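Subject: Handover of a structure

Dear colleague,

Please find below the structure that I am handing over to you. My notes on what was found in it follow directly after.

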2 protein chains.
Amino acid sequence: MNKKITIQEIATMAGVAKSTVSRYLNNGYVSKEKAALIDKVITQTGYKSNFFARRLKTKNSKLIGIVMPRLDSFSASKLLAGFNSILQKEDYQVLILVSDLQIDKEIANIRQLIQQGVDGIIVQSIAITKEHLSIVKNAPIPILFTGQSHPDTTYLKVNDIKAGHIMGEYIASLNHKNVAYLGVSPLDIAVGVDRYKGFADTFLSIIPDGKIHFIETDFNFDTAYKKGNEVLFYKPTAVICATDNIALGLLRYLHEKNIKVPQDISLTGFGGYPYSKVSYPSLTTISFDYKYLGAKTAEKLLSMLHGNAVQSEFDNNMVLLTQESTRKI
Amino acid sequence: MNKKITIQEIATMAGVAKSTVSRYLNNGYVSKEKAALIDKVITQTGYKSNFFARRLKTKNSKLIGIVMPRLDSFSASKLLAGFNSILQKEDYQVLILVSDLQIDKEIANIRQLIQQGVDGIIVQSIAITKEHLSIVKNAPIPILFTGQSHPDTTYLKVNDIKAGHIMGEYIASLNHKNVAYLGVSPLDIAVGVDRYKGFADTFLSIIPDGKIHFIETDFNFDTAYKKGNEVLFYKPTAVICATDNIALGLLRYLHEKNIKVPQDISLTGFGGYPYSKVSYPSLTTISFDYKYLGAKTAEKLLSMLHGNAVQSEFDNNMVLLTQESTRKI
DNA sequence: CTGTTAGCGCATTCAT
DNA sequence: ATGAATGCGCTAACAG
């Protein structure tokens, strides 16, 4: 067990006042000789200033709170890596709270983080409620949203409408007319509404006599699998799925029914998850760079911290990954 | 902006001394009337005690440090989810530092966490050096390792030898005699040495005239892909890959060479990553439950925190997932 | 340039 | 049961 050594002790060991040591530590003016003395004692004792005492004085914690709906998903891990890549570089530390996909827990987490004195918060929200808005309004620190957007908050998120738009253009260019869209609940504005709307508007504007059969599912592989029967009922030539995971669930179903992709049906996803490359056939998808998005988000929060006015925005960094699962008809 | 309200303010508002408020907050004895008064003021002001001041006094931070080599991997995200599931429940918060797969950064991170006054640390290590040992020995707090093991530390990790053993038995049972092992550097004791040794010892003990061609690669999909040529040189009937990711890289190569799995070559991985189920063919693998492992690890750290003697151990929670990529010859 | 002093907000003696 | 006083370890005036 290391005895905890304080600034006072190293001060006496170096034969100076503790304020001098403090100055030395905080880029204050200290004479060369004293500095050398202090430096020596510090290195040989391995002294480190007490985190909590320092924070108590200085008011800024160098802590960033992160609220995530869950940790064990592809996008979550990439986002986190992105946040961390720039936060850690700027000497900020990251305090992560998980909401388990529960909206009330998300709110409680934000509250807790504020109370704890973090310098700023990034919230990957599942839905922005009035309560969120009220918290943000009264919060003494900047709060940045991602995942969902709302005009009264500052956010940085994937441009789901644009993603849908790109997909709509692509599917139209392949001459599909009767398609199915395997989407999620409209309670999820980003994925459930925007992504679908982006697709549908574009697709129908290019193919006026096109037909889109919307089928609702959730984010689970297995649920998508179970919707296979319903999808086939409409005899679509292409199925657009709201996420790669959904697409893979359906692909499994099609495999088992011996329906060939893309010969019989074209299939697409959204996300650019790693499995989209290794599935058979590989999956045409819109790939989002979540790590990059995470880094951008962290940068944005930092500039909010520095008092710069920042505006909400959509990240347009996405690419249509045309792979083997789609074909022209 | 919320003005930060202190214990003193609510004390005067309630007409009592701040020590009384403090007692109220910390289960001390307070008369019913005063308690009611204080309670009222607290709820109406939404007062929360200052995190840093409290920590400065009480010495325990309710913070657990986590050191990870990287965040954006399947196992990392599952582990994190596991850590968090039990830590958050016990009112601990999690401070995460990333080492970017660099050993010196890993050590620096551990040091930083100790200095910051966390109550305990979980390190997913990439290699345990003498420096690690020295830190642990002098640390005033418990440090628990996962990922790698060393007799002089406390650890909880996957039993790689057993995993290799299971795979060895399985491959032997399929009558393969000439196999290739696509593994990683022996600098990684867990995956590079133990996993391979577990396989090789078991396989050769069952098939004494068996032949194992070891080919070294790294953890990347692309590198494994590039090793395809070398693997085929030995004309193996089965290829055992040290991770699912490696297996998928090779699978991609085999696809392109039009070599059928499992008809021409059987293929296996380790990990039980989600893609092992959606690849074509689906991949036979040893599946580890990383989330469960993370939860167990967190529990172990907690009991170390409570001063209980805990011993290093291997987690034997794994299952052979026999899927489509292997066959008997 | 440096030492002395005064809090930051809280928990905890110690009296009462 | 409660109030007054002390100090956790540190930074930031303030004199010198």
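**Loop residues with positive phi**

A:N175 lies in the loop between helix 8 (160–173) and strand 6 (178–183) of chain A. Please bear in mind throughout that this is a predicted model. Phi of A:N175 is near 70°, a positive value in a residue other than glycine. A:N175 is partly exposed, its relative accessible area being 35%.

A:K59 also has a positive phi although it is not glycine, with a value near 80°. The loop that holds A:K59 runs between helix 4 (51–58) and strand 1 (63–68) of chain A. With a relative accessible area of 62%, A:K59 counts as exposed. These values are worth noting because most residues other than glycine have a negative phi, and most peptide bonds are trans.

**Cis peptide bonds**

In chain A, the peptide bond between A:V261 and A:P262 is cis, with omega at about 5°. A:P262 is found in the loop between helix 12 and strand 9 of chain A. In chain B, a cis peptide bond leads from B:V261 to B:P262, and omega is near 10°. B:P262 sits in the loop between helix 12 (244–256) and strand 9 (266–271) of chain B.

**Chain A as a whole**

Chain A contains 14 helices and 12 strands. Its division is into domain 1 (1–47) and domain 2 (160–287). The centres of domain 1 of chain A and domain 2 of chain A, taken over C-alpha atoms, are 63 Å apart.

The radius of gyration of chain A is 26 Å, whereas a compact globule of 329 residues would have one near 20 Å. Along the principal axes, the C-alpha atoms of chain A fill a box of roughly 85 × 40 × 30 Å. Of the 329 residues in chain A, 54% count as buried. Among the contacts in chain A with a separation of 6 or more, 68% are between residues 24 or more positions apart.

How well covered is strand 10 (residues 284–288) of chain A? The strand is mostly covered, five of its five residues being buried. In a regular strand the side chains alternate between the two faces of the sheet. Both faces of strand 10 of chain A are covered: on one side A:T284, A:I286 and A:F288 are buried, and on the other A:T285 and A:S287 are buried too.

Strand 10 of chain A pairs with two strands that are listed here in turn. Strand 9 (residues 266–271) of chain A runs parallel to strand 10 of chain A, and four bridges join them. In this pairing, A:T268 stands opposite A:T284 in strand 10 of chain A. Strand 12 (residues 318–321) of chain A runs antiparallel to strand 10 of chain A, again with four bridges. Here A:I286 stands opposite A:L320 in strand 12 of chain A.

A:N245 belongs to helix 12 (residues 244–256) of chain A. Is A:N245 buried or exposed? A:N245 has a relative accessible area of 18%, and because buried means under 20%, A:N245 counts as buried. Apart from neighbours within four places in sequence, A:N245 is in contact with A:F219, A:N220, A:F221 and A:Y275.

A:D218 is placed in the loop between strand 7 (211–216) and helix 10 (221–226) of chain A. A:D218 is partly exposed, with a relative accessible area of 30%. Leaving aside neighbours within four places in sequence, the contacts of A:D218 are A:V184, A:T223 and A:I246. A:D218 and A:K257 are 39 residues apart along the chain, and their C-alpha atoms are separated by 22 Å.

**The two copies**

Chain B is superposed on chain A by a rotation of 180° with 0.3 Å of shift along its axis, at an RMSD of 0.4 Å. The two copies are therefore related as by a two-fold rotation axis. Of the interface residues of chain B, 100% are also interface residues in chain A, so the copies meet through the same surface.

With kind regards

Notes
Residues numbered from 1 in each chain as written. Chains lettered and ligands numbered in written order. Heavy atoms only, no water. Buried < 20%, exposed > 50% of the residue type's maximum accessible area, 1.4 Å probe, protein only. Pairing = 2+ DSSP bridges. Domains from an automatic or database assignment. Rg over C-alpha atoms; globule rule 2.2 N^0.38 Å. Contact = heavy atoms within 4.5 Å. Least-squares fit on C-alpha atoms with pLDDT ≥ 70 in both.
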